[in-house]
Amino acid sequence: MASLNVGNLGEYLREQRRNAQLSLRQLADAAGVSNPYLSQIERGLRKPSAEVLQQVAKALRISAETLYVRAGILDEREREELETRAVILADPSINERQKSVLLQIYESFRKENGFEPGPESGVGAGSETGGGSGAGAGADGPHKAGGSNADAASKP
């Protein structure tokens, strides 16, 4: 089963490399890996580490999480959670405090629906919220966010 995932990863990488119009050598250079090693990954003969996948994803300008899922390193649900968090954190239209509150609300809904936070989500939420407690901050978060949004909405 693992070899199928690695093969799937290799086919996907080859497709992404061709879409980016990069040769194997160009991608290997951009990712900082050897040409033969990248070739073996594409052919499904090697299973790369998360670090190598991150370097390749950066060179291809694609999501590292997608590669992690294809390599069997990350569960699909975890990828979706990480992508949701990344979109929130990358949104330039809201400030850091609003991002923090939104992440707390998101986490409280996930807990309410029976999803436990993954190790990455706890680190991300803690670093953005200053390490505040998830349950207490989540309960106060929607009230404070509602007040802020109402104040912001009333201003021209």
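Two helices count as roughly antiparallel when the angle between their N-to-C directions is over 145 degrees. Keep that cut-off in mind for this predicted model.

**The whole chain**

The chain has nine helices and zero strands. Read from the N terminus, the elements run α-α-α-α-α-α-α-α-α. Of the 156 residues, 31% are buried. Take the contacts with a separation of 6 or more: 52% of them join residues 24 or more positions apart. The accessible surface comes to about 9,500 Å². Carbon and sulfur atoms hold 52% of that surface.

**A pair of helices**

Two packed helices are described by the angle between their axes and the distance between the axes. For α6 and α7, the angle is about 160 degrees and the axes lie 9 Å apart. The two helices are therefore roughly antiparallel to each other. Their crossing is right-handed.

Which residues of α6 and α7 meet? The table lists them by helix.

| Helix | Residue range | Residues in the contact |
|---|---|---|
| α6 | residues 76-90 | Glu81, Thr84, Arg85, Ile88, Leu89, Ala90 |
| α7 | residues 96-112 | Lys99, Leu102, Leu103, Tyr106, Glu107, Arg110 |

By type, the residues of this contact divide into six nonpolar, one polar and five charged.

**Helix α5 and its end**

Helix α5 covers residues 64-71. Which of its residues are buried? They are Ala64, Thr66, Leu67, Tyr68 and Ala71. Just after α5 comes Gly72. Gly72 takes a positive phi of about 80 degrees.

Terms used: Residues are numbered from 1 along each chain as its sequence is written. This is a predicted model: local features need pLDDT of at least 70, side-chain atom pairs count only at pLDDT 80 or more; totals for chains, interfaces and linings use all residues. Side-chain values use heavy atoms; hydrogens and water are left out. Axes are lines fitted to C-alpha atoms, for helices over the stretch in contact, and angles run from 0 to 180 degrees between N-to-C directions. Helices (H or I, at least four residues) and strands (E, at least two) are DSSP runs, numbered from the N terminus. Angles under 35 degrees count as roughly parallel, over 145 as roughly antiparallel, 65 to 115 as roughly perpendicular and the rest as oblique. A crossing is left-handed if the near helix is turned anticlockwise from the far one by less than a right angle, and right-handed if clockwise. Contact means heavy atoms within 4.5 Å. Ala, Val, Leu, Ile, Met, Phe, Trp, Tyr, Cys and Pro count as nonpolar, Asp, Glu, Lys and Arg as charged, and the others, Gly among them, as polar. Buried means under 20% relative accessible area, exposed over 50%, partly exposed in between (1.4 Å probe, protein chains only). Accessible areas come from the Shrake-Rupley method with a 1.4 Å probe; for residues, only the protein chains shown count as cover.
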